[in-house]
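Take a look at the structure before reading on.

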Amino acid sequence: MRKQILIVGGGYVGLYTALGLRKLVRTGEAEVTIVDPRGYMTYQPFLAEAAGGQIEPRHVVAPLNRVLPRMRVLTGKITNVDHDERVATFQPVQGRPYEIAYDIVVMATGSITRGLPIKGLAEHAVGFKTVGEAVHLRNHVLAQLAAAASTDDHDVRRRALTFVVVGGGFAGVEALAEMQGLADDALRYHPQIRREELSWTLVEATGRILPEIHEDLGVWTAKALRERGVDVRLDTRLTSAEDGVATMSDGTALDAGTIVWAAGGRPNPLAATSGLPVDRTGRILATEYLAVEGLADAFAAGDGAAVPDLTSPGAFTAPNAQHAVRQAKLLGRNIVAYVRGRKLKAYKHAYLGSVAGLGHHQGVAQVYRLRLTGFLGWVAHRAYHLAWVPTFNHKAKVLADWTLAMFFRREAVQLSGLEHPEKDFHEALATQAQVDRAA
């Protein structure tokens, strides 16, 4: 009988699991449905370069319906999973919700931005997890420079040129570094702004940045950022963002035109609200075979799953792309084995290390015991991530972007109007209405 396989989520785990199934499933053996709110997979490590204008934003996303031909791709949200009945409630982007029946479910929901009850955070900060947020930040940084260059109000100018990034992990550090690189390049078009006027602050609640890599590399990164004029504040928390003023636990208050929240993520709550077994943080409890603990016909992997780390007894695999991609590739094979009644293989992967790009042709890389900084770290960062970009088509486009950036300056035009394209139309209608009333 043909199995109905439902994949909830189109990120790393969803996409690579589906790719594996497409290669391994025999004709008529199974039908795969993949559901994602956006309809594309985002290659997260390149969000910072998209924000900095080094890569075209469309080149860091992979449309699911293009990458997964002959598979059923639905754009919308799964709002509930009733595993006892083997049905999931689906809310499409338009229209009424309906139920999708399945035989096997793959929970690849990943994580969402981790928020904290900080006053003003929702109103005055922007996250850094989606390509939309990356594009917004690029436009916003350029718009802030233009605003500062166009005003004679000292306070407005200082606010526009003050940038605060909260979170010293990969996302926060890379976002700040690429935003600073973008701003430095754009200053050539604003000669009335001195580089020293720009204020960059990185806020980290713990005693170090980039905790995923060796401490020495974190120390080197903090030093490199400080040499570029970044105020790196360790053991410091954001306590308020009211009125756009970033107030910190050490008493510092910065009237900031830009506040970026990159303080980590938390598991998608869908599993917990659907009654699936989860740990205290909301991650789905999974076995080393990537099956949901205690449930038949259910699998999970990635950031939203607590997968035992067989290389470190008692621990769980870290929520990063390195594990997510490798788990997904094994998951595709395990699901096929499960359908055919064969033995599943346990997930075991030793941590290889991590890489981070810092803009300005700088980076850090840790591969096993090898540690690279500066230009070599930057090269390692790009080479590693290019190798993991899905599809040859996207690899070629990213490589072309980098090649062009070597010979041409990045574009410094801000297209913030794209985010609210209806604004000019509404203003035109309002103006016409005033004219008609006056007549």
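## An exposed phenylalanine

F407 has a relative accessible area of 63%, so F407 counts as exposed (over 50%; buried is under 20%, partly exposed in between, with a 1.4 Å probe and protein chains only). F407 belongs to helix α12, which spans residues 392-407; helices are DSSP runs of H or I with at least four residues, numbered from the N terminus.

A word on the source: this is a predicted model, where local features need pLDDT of at least 70 and side-chain atom pairs pLDDT 80 or more, while totals for chains, interfaces and linings use all residues. Residues are numbered from 1 along each chain as its sequence is written, and side-chain values use heavy atoms, without hydrogens and water.

## The second largest pocket

Helix α12 also gives the most to the lining of the second largest pocket, with seven residues. This pocket has a volume of about 970 Å³ and 35 lining residues, with G53, Q54, I55, R410 and E411 nearest its centre. (A pocket is an open set of points on a 1 Å grid over the protein atoms alone, with protein on both sides within 12 Å along at least five of seven lines; lining residues have an atom within 4 Å of a point.)

## The largest cavity

What lines the largest cavity? I5, L21, V25, E29, A30, I335, V336 and V339 do, and helix α10 (residues 321-339) supplies the largest share, three residues. The space inside is about 30 Å³; in a cavity, a 1.4 Å probe fits but cannot get out.

How values were computed. Helix = DSSP H or I, 4+ residues; strand = E, 2+ residues; numbered from the N terminus. Points joined across faces, edges and corners; volume = space filled by probe spheres on them.
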